[in-house]
Amino acid sequence: TAETVSDVYGNMLYYRDISGTSSTYVYNDDREQIGFTMKDAAGSVILYVRVKADDQGRESSVTVNGNEVASVAYQQSTGLADTITYPGDVKLQYRYDARKSPDKLTITGPHHASIVHSLTKNDVGRIMGSTINVDGPVTFNEARSYEYNNDNRLTRSVITTNGNDQDRKST
């Protein structure tokens, strides 16, 4: 038979399925789940996940079975995520527009490879185009531009890949 235990707030604390596999959940003082442990029927740990927080309560790192799989750094001025770092020195770095909406993502990795994805937005935040540039062992460049009608429906998309235009027009 399956078993579930919850706290007075409705957060699941423990679950055991009919095969005997169990999961134990861990919460912080704000009742946000910050980790769990899964064990097989014999009690051996299958999976152990923990999320650590910085002094402002934001996720700062994630560990799986004792190994850090991601760490997060935040921008001092906005409090928004700045860089997420993964094993192997793979990094995602974010840039934000005045509305605090992401408008650029840069991914870097080993061997000096990088991918940069930028968005062009109009004065109300609508995406009017984007670029993707890949630099490393393989290079790739793509630009997209979008046009809309008075009903705010997409009417045209031009995609240029490595210098070759592909005009996709809808009437």
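Two aromatic rings of Phe, Tyr or Trp are taken as a pair if their centres lie within 6.5 Å. In the predicted model examined here, two such aromatic pairs are present.

The rings of Tyr25 and Phe36 form a pair with centres 6.2 Å apart and planes at 35°. Planes under 30 degrees apart count as stacked and those over 60 as edge-to-face, so the arrangement of Tyr25 and Phe36 is classed as tilted. Tyr25 belongs to strand β3, which spans residues 22–27, whereas Phe36 belongs to strand β4, which spans residues 33–39. The pair therefore ties together parts of the chain that are 11 residues apart in sequence. Tyr25 has a relative accessibility of 22% and is accordingly assigned to the partly exposed class.

The rings of Tyr94 and Tyr96 have centres separated by 6.4 Å and planes at 25°, so this pair is stacked.

The charged end of Arg31 is positioned over the ring of Tyr9, at 3.9 Å from the ring centre. An arrangement of this kind is also formed by Arg58, whose charged end sits over the ring of Tyr74 at 4.1 Å from its centre.

Val69 is located in strand β7, which comprises residues 67–74. With a relative accessible area of 30%, Val69 is partly exposed. When residues up to four places away in sequence are not counted, the contacts of Val69 are with Val62, Thr63, Val64, Thr85, Tyr86 and Pro87. The C-alpha atom of Val69 lies 9.9 Å from that of Gly88, a residue 19 positions away along the chain.

Positive phi values are found at two residues that are not glycine, Asp89 and Lys100. For Asp89, phi is about 60°. Asp89 is placed in the loop that joins strand β8 (81–86) to strand β9 (90–96), and its relative accessibility of 48% puts this residue in the partly exposed class. For Lys100, phi is near 65°. Lys100 is found in the loop between strand β9 and strand β10, the latter covering residues 102–108.

Terms used
Residues are numbered from 1 along each chain as its sequence is written. This is a predicted model: local features need pLDDT of at least 70, side-chain atom pairs count only at pLDDT 80 or more; totals for chains, interfaces and linings use all residues. Side-chain values use heavy atoms; hydrogens and water are left out. Rings of Phe, Tyr and Trp (its six-membered ring) pair if their centres lie within 6.5 Å; planes under 30 degrees apart count as stacked, over 60 as edge-to-face and the rest as tilted. Helices (H or I, at least four residues) and strands (E, at least two) are DSSP runs, numbered from the N terminus. Buried means under 20% relative accessible area, exposed over 50%, partly exposed in between (1.4 Å probe, protein chains only). A charge sits over a ring if NZ of Lys or CZ of Arg is within 6 Å of the ring centre and within 35 degrees of the ring normal. Contact means heavy atoms within 4.5 Å.
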